[in-house]
Amino acid sequence: MNSSLKYLFFYFLFILFSSCSPNDEESNDLLKEEVIAIHDEVMPKMGELKSLHKEILLKIDLLKSDSSKNAADIQELQVLANNLDASFEGMFIWMRQFKSTYEGMNEEEITQYLLEQKKMVEKVNLDIKKNLAEAKSELDKS
């Protein structure tokens with residue numbers, strides 16, 4: 001095989017493999033949609049978070065009438081109230097720092113950014129779900 005045919009052969013292989021790989025921009029668009037979907041799943045629960053936080057604080061106030069007897073319960077409920085508040089704040093902290101435009105970033109940098117954001121919003125999502133479930137369980141005991 002002469003050298004010009006080798007180059008032609010490798011050129012066609014390159015074209016073939018290049019056309020088969022997914023478009024980075026398309027992949028990043030899909031990744032951004034995943035990040036937003038994770039956010040959108042729990043964003044409607046923010047009002048419920050605040051409502052349960054208030055209910056937990058009310059329960060704490062009721063137990064404070066006999067704080068010596070209820071000290072352990074009060075402490076446990078205070079941790080739960082703090083966790084609910086932290087989940088609420090965590091969502092807004094994440095939202096404030098999330099960038100939806102990527103000026104000055106190449107496709108690889110955008111991919112890395114979105115993967116980091118996905119990990120962060122997944123944690124926010126899980127924290128919200130966990131703390132909601134714990135609060136509901138606690139309030140159902142009453």
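# Helices, contacts and charges in a predicted model

Residues 24 or more positions apart account for 80% of the contacts (heavy atoms within 4.5 Å) in the protein chain with a separation of 6 or more. This is a predicted model, where local features need pLDDT of at least 70, side-chain atom pairs count only at pLDDT 80 or more, and totals for chains, interfaces and linings use all residues. Residues are numbered from 1 along each chain as its sequence is written, and side-chain values use heavy atoms, with hydrogens and water left out.

User: How many helices and strands are there in the protein chain?

Analyst: Helices (H or I, at least four residues) and strands (E, at least two) are DSSP runs, numbered from the N terminus. Reading from that end, you get α-α-α-α-α. The count is 5 helices and 0 strands.

User: Is Asn28 buried or exposed?

Analyst: Asn28 sits in helix H2, and it touches Glu107, Ile110, Thr111 and Leu114, leaving aside residues up to four places away in sequence. Buried means under 20% relative accessible area, exposed over 50%, and partly exposed in between (1.4 Å probe, protein chains only). Asn28 has a relative accessible area of 5%, so Asn28 is buried.

User: Which residue forms a salt bridge with Glu41?

Analyst: A salt bridge is a side-chain nitrogen of Lys or Arg within 4 Å of a carboxyl oxygen of Asp or Glu. Here the closest N and O atoms are 2.6 Å apart. The pair links distant parts of the chain, 88 residues apart, with Glu41 in helix H2 and its partner in helix H5 (residues 107–141). That partner is Lys129.

User: Why are Lys130 and Glu134 separated by about one helical turn?

Analyst: Their side chains meet in a salt bridge at 3.4 Å, N to O. Lys130 is partly exposed at 44% relative accessibility, and Glu134 is partly exposed at 34%. They are about one helical turn apart because both lie in helix H5, with a spacing of 4 residues.

User: What is the relative accessible area of Asp29?

Analyst: Asp29 lies in helix H2 (residues 24–42). Asp29 counts as partly exposed, and its relative accessible area is 42%.
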